[in-house]
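Subject: Structure handover and notes

Dear colleague,

Please find the structure below, followed by my notes on what was found in it. I would be glad if you read the notes with the model open beside them.

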Amino acid sequence: QFGDAARRAREAGFDGIGLHAAHAYHLVGSFMSPLRNKRSDAYGGSVDGRLKLFLDIVRNIRAKAGDDFPIVTRVSGDELLPGGQHIQDMLYIAPIMAEAGVAALNISAGAIPELGWRVIPPTGSAHGINVPLSAALKQVTNVPVIAVGRIYDPRLAEYILQRNEADLVAMGRALLADPEWPNKAAEGRIEDIVPCVGCSRCSFVQEPTCVVNASLGKEKEMVITPAAKPRKVLIAGGGPGGLEAARVAALRGHHVSLFEKEAKLGGQLELAAMPPFKQELCHVVKYLSMQAQKAGVTVELNTRVTTELIEKVKPDVVIVATGGHPFVPDLPGVENKHVVTAHDVLAGAAALRFKNAVVIGGS
């Protein structure tokens, strides 16, 4: 059936196929992993036994779709679990896969469901997290090796290639954040690439969404078109909502002024970037600030929007983007000085000099 599917793909005009054999899941990945494969026949019991189904499939694909129809295989360089398939196994397996006719190896890591976070590395995990694995496997095989996992910056991608740690780089979420990533990189417009922050909002929902690309999946409905009549727009608030509204309005040809009461832009994203492993959220603020500036938005910091300001500016439209406030439950003693909000803690406005603390809320 794998061979038949590959033949149909070729007849339909595809240039090659991807054969998924990673993460100890789906049919092929499960057979290859000692975590799942407990067979005692020819298809289990050893590395060679667990690899037999994969090799049978590759032979069938080549027989039905042709030796010149590329098969790119994704494998776990290391499943990173006790009793799982490790890099030492893959150093033995990779040359066998290449000899069988695999055109390239795409090196991931982890296992599903035990290490789902490692399969799709989240915000705060290392960039290029699987590169040490791709570098090791590149030394033992003569087919191209592909690095994947938190590669979102063209400079990082180029660095991996220059160090000969991979022959190609692959990315998924970064291209959902910005489908024009390759074109912008080729043109040297790195500051115009929408930054993927690894939140995985696109990965675990039925209808993928992206916190930095609102048009994901709605590209036709959300085309930015010139406004029929340019207007004077005033935006109150320089957080992500205000900056995005300013960017889009300016790109449509409106005359946009943004006012922020604080001394810098970013709003609550500045606080969101404060906890450990969350600093890369700052990339969103930098990107939106730069894009608003390039679109021609006038930005005024340390300026609170008041009735007098609105009367002075005389805008046609006012967009309120002043953000939300923490919900404080109505409990006895909530007004005491030692009761603070998470916002106070992250902003450094609360002095925590207590041995014991109670945290209400887990978001």
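Helices (H or I, at least four residues) and strands (E, at least two) are DSSP runs, and they are numbered from the N terminus. Ala104, for instance, is found in strand S3. Please keep in mind that this is a predicted model, in which local features need pLDDT of at least 70 and side-chain atom pairs count only at pLDDT 80 or more, while totals for chains, interfaces and linings use all residues. Residues are numbered from 1 along each chain as its sequence is written, and side-chain values use heavy atoms, with hydrogens and water left out.

To stay with Ala104, this residue is buried, at a relative accessible area of 7%, where buried means under 20%, exposed over 50% and partly exposed in between, with a 1.4 Å probe and protein chains only. Leaving aside residues up to four places away in sequence, Ala104 touches Ile71, Val72, Thr73, Val143, Pro144 and Ile146, a contact being heavy atoms within 4.5 Å. Leu234, by comparison, lies 130 residues from Ala104 in sequence and 53 Å from it in space, C-alpha to C-alpha.

The loop between strand S3 (104-108) and helix H5 (116-119) holds Pro113, which counts as exposed at 65% relative accessibility.

Gln85 sits in the loop between strand S2 (71-76) and helix H4 (87-100), and Gln85 is buried, with a relative accessible area of 4%. Not counting residues up to four places away in sequence, its contacts are Met32, Pro34, Ser76, Asp78, Glu79, Leu80, Met90 and Ile93.

Two helix pairs deserve a look. The axes of H3 and H4 come within 10 Å and cross at roughly 20°; axes here are lines fitted to C-alpha atoms, for helices over the stretch in contact, and angles run from 0 to 180 degrees between N-to-C directions. H3 and H4 are therefore roughly parallel to each other, since angles under 35 degrees count as roughly parallel, over 145 as roughly antiparallel, 65 to 115 as roughly perpendicular and the rest as oblique. The contact is made by Val47, Asp48, Leu51, Phe54, Leu55, Val58 and Arg62 of H3, together with Asp89, Tyr92, Ile93, Ile96, Met97 and Ala100 of H4.

For the other pair, helix H10 (residues 240-251) and helix H12 (residues 282-294), the axes come within 9 Å and cross at roughly 30°, which makes H10 roughly parallel to H12. On the H10 side the contact is made by Pro240, Leu243, Glu244 and Arg247, and on the H12 side by Tyr287, Leu288, Ser289, Gln291 and Ala292.

Finally, a search of the whole structure finds one aromatic pair. The rings of Phe31 and Tyr43 have their centres 6.4 Å apart and their planes at 90°, so the pair is edge-to-face; rings of Phe, Tyr and Trp (its six-membered ring) pair if their centres lie within 6.5 Å, and planes under 30 degrees apart count as stacked, over 60 as edge-to-face and the rest as tilted. Phe31 is buried at 17% relative accessible area, whereas Tyr43 is partly exposed at 23%.
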